[in-house]
Amino acid sequence: MRRFCVAVISWLTPSRDREWVIGDTVEELEVLEHRIGRAAANRWLRSEMRRVIVQAPRHWGSTSRSRRPFFRSVSADVRDALRRLTRTQRGTTTLALAILALTMTAGITTFSVVDAVALRALPYPGSDQLIAIGWRGQPGGRIDGVTSQDYFSWRESTRSFSGLAGAIPEGQRRLESGALGGDVTFARATANLFDVLNVQPALGRTFHVDDETPGRDNVIVLTHDAWIRSFGGDPGVIGRSVTFVRGATRMPHVIVGVLPAGVTYPLRAGPQVEAFRPYVATPAERDQTSRGRAYALHAVGRLRPGNTLEGARAEIEQVIASVRATHGTVRADAGTVVLPLHDRVVGPAKSWLVLVLAAVGCLVLVGCVNVASLLLARAVIRHKELATRAALGATRGQLARILAAEGLAIAFVSSAAALVLSYWGVGLAKAALPDGLARTADIALDGRVLVAAVIAAVVSGLLAGGAPAWRLSRTDLFDQLRSGGGLIGGQRQARSLGAFLVAEVAFVAVLLVVTTLVVASFVAITTMDLGFERRNVIALFVEKSGRDVPRDQQRAEAAGFFEDVLGRVRAVPGVTHVGLIDSSEPLGGGSTTYSLVIPGIGELNGADMFETRGVSPEYFAAMGLRLLRGRTFTSDDRAGAPRAAIINELAATRYFPGRDPIGESIEFREAPAQIVGIVQNVRMNGPEADLRTELYVPLVQWPHGPWGRLIVRTAGAPAATAAAVREAIRPALTGGSVSEPTIISDAFRRLTADRRFNAGLMTLFGALAVVIGAIGIYGTMAFVVAQGTRAIGLRMALGATRSDVLWSVLRASLWRVGVGAAVGVLAARGLADLFTSLVFGVETTSLAVYATVAACLAAIGLGAAFVPALRASRLDPLAALRAE
Amino acid sequence: MPDFPGEFEQLVLLALLRLGEDAYGATVRREIEARTGRQLSISAVYVTLERLEQKGLVRSWIGEPTPQRGGRRRKHFALLSAGARTLKMSHDAYLGMTAGLERRLRTL
């Protein structure tokens, strides 16, 4: 709040006095805080800001002598304008102010968010040369880190990069150092990370190659944030010994450097990395034949000058191929992606953020056009006043200035309001943004945005005021005065108002089409049949003991452990079914695929591999997965019994067309298995994942060891049962663990959070646009009717019925709205192809969407014009004829 | 004969007289607020001080940056002899006009 007030004061103070005024303000604030306390000092600051706002015109007006007359007369004009605006037609003024302020707030807030998250360059010098390498488990899926083995193979064999660095986020750790320190989010980084990012430390040093030597790796580089928060910004922190605490382990470390403000890596969703330790790879992490692999390393390289992204990509592919040739296939399939670091950080969010920005741009245009037409209508109604002024000697320039000053006054007041509103808007947006966006911490009201917004407001104010002024200067004002009414001139103005209306409706139409597509996509996604019932299910990972037990023993223990755990969970009140699965949880984003052999077709590899899950018999009931034919597994499908398999519908139709797969034998992991059932297709990774061929096998026939993921179906709210389930399992574990339960319906909400947020925001924008558009239509038609009063009276006197009059007004409205809607819908159709990737389950070409929007607008056109139309039809012809 | 200063200008001139060496925006504002109870903004003080400077009644100079102001400099002001004369003139006028009315003014 303080920074905001000081910023406002600074902004409103002429630059020649800014230094001392702000200096005095800061000093005074200190003095007051000592004397009367922080809260009272803050109150003083707020009232000081209010006084400065009031005082500002005088302060600016008192600039050096040569500029004084101009400034004084402008400020006098604006003051007069404010007085006029507040005295006459208060409704119109308030409306114009509210519309401008609201649309500007929406614009400023949205731009601040989109700029920080998606548009702004990364905080590293030369960041356009930074390339990220990631791993994508499935097409279109999330990009994860790469394995350390891959990283080292690339680092040794590529030449495209002047440096290739890596970092592995390691989570929250504790730093202790006397009274200082605290919980800090760590990452381990290769020593060259900061060279690759081209980041110089603010204090001390970053890592040396020596720091990667085991035993000498106990050094820490802090980010600026962590330095301020945990060490009070003490410059003496360099060289300080701290204790690094991880669980029960305590290790002495030394702080060697502090990064500049705003710099960290990797930039990712969730908590930012606040401190770094050197990454010292174990021999296994470097071993290309190692089977244990973690996809956790964020790899970033800086392109050597003259090299391209494509070149680097080709080189990486080459290295992967040669590693595979030497060491055999360690990984199932290729999923390595090479892309600019900025794309990696912003990811898929960019396209929808840009869409939101475009939408808000549309909304701002609607608002501006609306305000312009309101002001134009005002100007027409004041024709006589202006003509009188002209008769008394005002030049056309002065008249134009009067009108422009009104536009300016509205612009100033509304931008001040928008400033305050966006201050809160940005805070609100930060809280409401979906998780999974990187750099949200950087979102703030940005000086450039404010300046741009104020300039936009001033320009739109001048245009809105200036357009009528320009029109006026072309009409013969004396004619106006003589004619004693606005009939002729009014109709001419009505034509330009009509043009404004068409433009406004067109923008609203574009916005509504986009909103409809986005909302329809969201509805399609949330109502989509995933193949399983996502409500009232929880998933938790259980593991009997540590993994250092010999593999054979683990396998032997598995069956007994599963039975034990399943029995315990089944006994928990509120649990209706419980199953086990050996792969990742529903909507968790992972998958396990295997190749298999189908007789008559051969071995299915690569993209044809089956998504495979080892499950317990009750898994299908717990997931709510429907059996289409045959049977599910039973307790008879035990180890040693003939191996059974269940496939999904997609696999059945694809590989067994026209025949019954049940009873067929397939080869899975070099052993025959008989297909005993067909279940429905499942979208295990959410509505937007593609359907895959799926294979289920009895878990006890293919045991890995005593661990797995429990799928628990509950009778009531899952949250209530989750804790009881965890407690019930605990006694069955010997040194092992049970994870926090995942409530699947919550996971679904997280998965669709982007779209939910998007749909909500677009609905808000769409609704605002509709309201503003309706106001515009109402205002224009009311104006047309008011200006046409005498003509209407004349027509009624000549025999027109009331319904004739009613319809003629409605027709006039519908006609304009129709043209606007047609233009807008056509434009939207042209633009729709730009965001096909954001649309789901509805075609961007869908006629229904465009027809709905057009019908909607027609209804709004009729509705908003109805009151003025009714008023026209109830005119008393005689009174109307006498009207001026 | 110079113009009489405005009422607020008089307050500012008096504050300068009181503060002597230590006169700048914040202290002038504090002085006036403490003695008259009038709420005013720092920038209003500067507007008036600059006007007085243009009239040749006060002079200003820019001081050194200080840390408690975030490294910003101060602009100091001091009364010139013309300012002192004007102040005396308006005070004399005030005293002249109020002479003999003290008791009635108190009971108003």
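Q: How many salt bridges does a search of the whole structure find over all chains?

A: The general idea is to look for a side-chain nitrogen of Lys or Arg within 4 Å of a carboxyl oxygen of Asp or Glu. In this predicted model, a search of the whole structure finds 43 salt bridges over all chains. One of the pairs is A:R709 with A:E585, whose side chains meet at 3.4 Å, N to O.

Q: Are A:R709 and A:E585 buried or exposed?

A: Both A:R709 and A:E585 are buried. A second pair to set beside them is A:R613 and A:E694, which form a salt bridge with their closest N and O atoms 3.2 Å apart. This pair links distant parts of the chain, with A:R613 in strand β17 (residues 610-615) and A:E694 in strand β22 (residues 694-698), 81 residues apart. A:R613 is buried, and so is A:E694.

Q: Which elements of chain B does the pair B:R51 and B:E9 link?

A: The side chains of B:R51 and B:E9 meet in a salt bridge at 3.0 Å, N to O. B:R51 belongs to helix α3 (residues 42-54) and B:E9 to helix α1 (residues 7-19), and the pair links these distant parts of chain B across 42 residues.

Q: Why does B:R51 count as partly exposed, and why does B:E9 count as buried?

A: The reasoning needs a cut-off, because buried means under 20% relative accessible area and exposed means over 50%, with partly exposed in between. B:R51 has 30% relative accessibility and therefore counts as partly exposed, whereas B:E9, at 5%, counts as buried. Elsewhere, salt bridges that share partners join A:R16, A:D17, B:E50 and B:K75 into one network.

Q: What pattern does chain B follow when read along the sequence?

A: One begins by counting elements, and chain B has five helices and two strands, which follow the pattern α-α-α-β-β-α-α along the sequence. Buried residues make up 43% of its 108 residues. Among contacts in chain B between residues at least 6 apart in sequence, 48% join residues at least 24 apart. Chain B exposes about 6300 Å², of which carbon and sulfur atoms supply 54%.

Note on methods
Residues numbered from 1 in each chain as written. Chains lettered and ligands numbered in written order. Predicted model: local features only at pLDDT ≥ 70, side-chain atom pairs only at ≥ 80, totals over all residues. Heavy atoms only, no water. Buried < 20%, exposed > 50% of the residue type's maximum accessible area, 1.4 Å probe, protein only. Helix = DSSP H or I, 4+ residues; strand = E, 2+ residues; numbered from the N terminus. Contact = heavy atoms within 4.5 Å. Areas by Shrake-Rupley, 256 points an atom, 1.4 Å probe, with all protein chains shown as cover.
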